[in-house]
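Work through the exercises below with the sequence and the coordinates at hand. Each task is followed by a solution in steps.

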Amino acid sequence: MASDHDHDHDNTLSETVLRVKALETLLVEKGLVDPAALDAMVDAYENKIGPRNGARVVVRAWTDPAYKARLLEDATAAIAEFGYSGAQGEHMVVVENTPTVHNLVVCTLCSCYPWPVLGLPPVWYKSSAYRSRAVIDPRGVLRDFGLAVPDEVAMRVWDSTAEIRYLVLPEQPAGTAGLGTGALEALVTRDTMIGTAKVRAP
Amino acid sequence: MNGIHDMGGMHGFGKVEPQADEPVFHAPWEGRVLALRRALGAWRKWNIDAGRHSIETLPPADYVRMSYYEKWFASAIKLALGAGLISQREFETGRRDPAAPVMMPPLTADKVMPAILKGGPTQRETAARPRFSAGQSVCAREINVPGHTRLPRYVRGRRGTIERDHGAHVFPDSNAKLEGENPQYLYTVRFAARELWGEGANPADAVYLDLWEEYLDGA
């Protein structure tokens, strides 16, 4: 049974639904927005642009040293080789995890995130808890994700304060060199490319 | 502005709580808000920096309470009203003013994917030469800009090292006020965690920020 609190929450939500619908109706009536364009935008981010894009980039870097060199030198151009470009990924930088360096990406001022390769950010990335703590207590944040980074491994936190967007190139786990591209891509989760997880062998 | 949005280094917001198998949108209205705000942006009455500032200037208590897409929705209304795309009366009644012309939307369905793939690059050509180069010591200025700025409080007055020069980029402080792009050099600056947070921080750790030339002094 829902509590009173949940009823209140549901009422607030349904009010938001109605208000959004009312604004959309007005904007369409005025010819300010095309409803088919709204459908196309939602479809793009629900079905076409997401972390599978980033996983393809990562696996290519793992399996093709020349591509990895291009990716670390000019990530925007190397990522565009896959056809991934544009909104919120106009200027890309890839940072590489190694046995001695662990990278973590945040945006303390809003919620900047590399959309062309990761899609839209998850709720936790946009939360006050993550935005406030990632820079002052990155190791504590990673413990919230169940990841312990040893003291001797350097933490590099990238606060996306401008229009440069960051993608973490995670380490390829030992014993996976024989896997095919598809199997490798399945190991590369969204969080491994933000820096809140490591890639695990199957 | 020294706003609630500038939350790097604050305490008290609790643990980070990831959700397993999170959907892209938790309800259809979230996707509509994302799309509405971007479709309105196609009118080019404002820019990305003005859009961010419209969110930063929400009342602080609302900012903390509202979800991301609730903030985007509030911002879309503020921007559309502020730019005169809709009138206050239209917003309140939900009906088009019969005297207002019916427009042709600039963003049609066929233009959505090309617009996404093109995006809005912010790098600009400049005749100016960079003041700083990689390896140089700098100090983030102790400045308190009342309008939009991308210099977080937690690095002001702190020393760092230039890591990388990204060329000239649109300067958000002026762009947000629609006072011009004023492109200037943008640098990645490395700050040692101990410089920012004191002796308790791990000596190996560092925070990297992308900062415009006007935010920096030589040190």
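The exercises that follow concern a predicted model.

**Exercise 1. Chain A in outline**

Describe the secondary structure, extent and burial of chain A.

Solution. 
- Step 1. Chain A contains 11 helices and 4 strands.
- Step 2. The C-alpha trace of chain A extends over about 55 × 40 × 35 Å along its principal axes.
- Step 3. Chain A has 202 residues, and 49% of them count as buried.
- Step 4. Take the contacts in chain A between residues at least 6 apart in sequence: 72% of these join residues at least 24 apart.

**Exercise 2. Domains**

State how chain A and chain B are divided into domains, and how far apart the domain centres lie.

Solution. 
- Step 1. In chain A, the assignment gives domain 1 as 4-47 and domain 2 as 50-194. Taken over C-alpha atoms, the centres of domain 1 and domain 2 of chain A are separated by 31 Å.
- Step 2. In chain B, domain 1 covers 28-118 and domain 2 covers 123-218. The C-alpha centres of domain 1 and domain 2 of chain B are 30 Å apart.
- Step 3. To the contact between these two domains of chain B, domain 1 gives 6 residues and domain 2 gives 6 residues. On the side of domain 1 of chain B that touches domain 2 of chain B, 1 residue is nonpolar, 2 are polar and 3 are charged.

**Exercise 3. The surroundings of A:Y67**

Is A:Y67 buried or partly exposed, and which residues does A:Y67 contact beyond its sequence neighbours?

Solution. 
- Step 1. Locate the residue: A:Y67 belongs to helix α4 of chain A, residues 65-73.
- Step 2. Count the neighbours: A:Y67 has 16 C-beta neighbours inside 10 Å. A buried residue needs 20 or more and an exposed one has 12 or fewer. A:Y67 therefore counts as partly exposed.
- Step 3. Setting aside neighbours within four places in sequence, A:Y67 touches A:R60, A:A61 and A:A78.
- Step 4. For a distance along the chain, take A:N47, which is 20 residues from A:Y67 in sequence; the two C-alpha atoms are 27 Å apart.

**Exercise 4. Strand pairing in chain B**

Which strands of chain B pair with strand β3 of chain B, and in what sense?

Solution. 
- Step 1. Strand β1 (residues 123-124) runs antiparallel to strand β3 (residues 159-169) in chain B, with 2 bridges between them. B:Q123 faces B:H169 of β3(B).
- Step 2. Strand β2 (residues 137-140) of chain B is paired with β3(B) by 3 bridges, also in the antiparallel sense. Here B:S137 has B:T161 as its bridge partner.
- Step 3. Strand β4 (residues 184-192) of chain B is antiparallel to β3(B), with 6 bridges. B:D165 is opposite B:Y187 of β4(B).

**Exercise 5. The contact between the chains**

Determine what each chain gives to the contact, and which strands pair across it.

Solution. 
- Step 1. Chain B contributes 72 residues and chain A contributes 65 residues.
- Step 2. In chain B, the elements that each supply at least two residues are α1 (28-41), α2 (48-56), α4 (68-82), α6 (109-118), β3 and β5 (206-212). The largest share, 10 residues, is that of α1(B).
- Step 3. By class, the chain B side holds 43 nonpolar, 15 polar and 14 charged residues.
- Step 4. Strand β3 (residues 154-159) of chain A pairs with β5(B) in the parallel sense over 4 bridges. A:V157 has B:V207 as its bridge partner in β5(B).

**Exercise 6. An enclosed helix**

Solution. 
- Step 1. The buried residues are A:Y130, A:R131, A:S132, A:R133, A:A134, A:V135 and A:I136.
- Step 2. In chain A, these residues pack against β2 (101-106), α7 (123-126), α9 (138-144) and β3. In chain B, they pack against α8 (193-197) and β5.

**Exercise 7. The largest nonpolar core**

Which residues touch the most other members of the largest nonpolar core?

Solution. 
- Step 1. In this core of 106 residues, they are A:M41 and B:L36.
- Step 2. The element giving the most to the core is α1(B), with 7 residues.
- Step 3. Apart from neighbours within four places in sequence, B:L36 contacts A:L23, A:E24, A:L27, A:V33, A:L38 and B:A76.

How values were computed:
Residues are numbered from 1 along each chain as its sequence is written. Chains are lettered from A and ligands numbered from 1 in the order in which they are written. This is a predicted model: local features need pLDDT of at least 70, side-chain atom pairs count only at pLDDT 80 or more; totals for chains, interfaces and linings use all residues. Two residues are in contact if their C-beta atoms, placed from the backbone, lie within 7 Å. Domain bounds come from an automatic or database domain assignment. Ala, Val, Leu, Ile, Met, Phe, Trp, Tyr, Cys and Pro count as nonpolar, Asp, Glu, Lys and Arg as charged, and the others, Gly among them, as polar. Two strands pair if DSSP finds at least two bridges between them. A nonpolar core is a set of buried Ala, Val, Leu, Ile, Met, Phe, Trp, Tyr and Cys residues joined through C-beta atoms within 7 Å.
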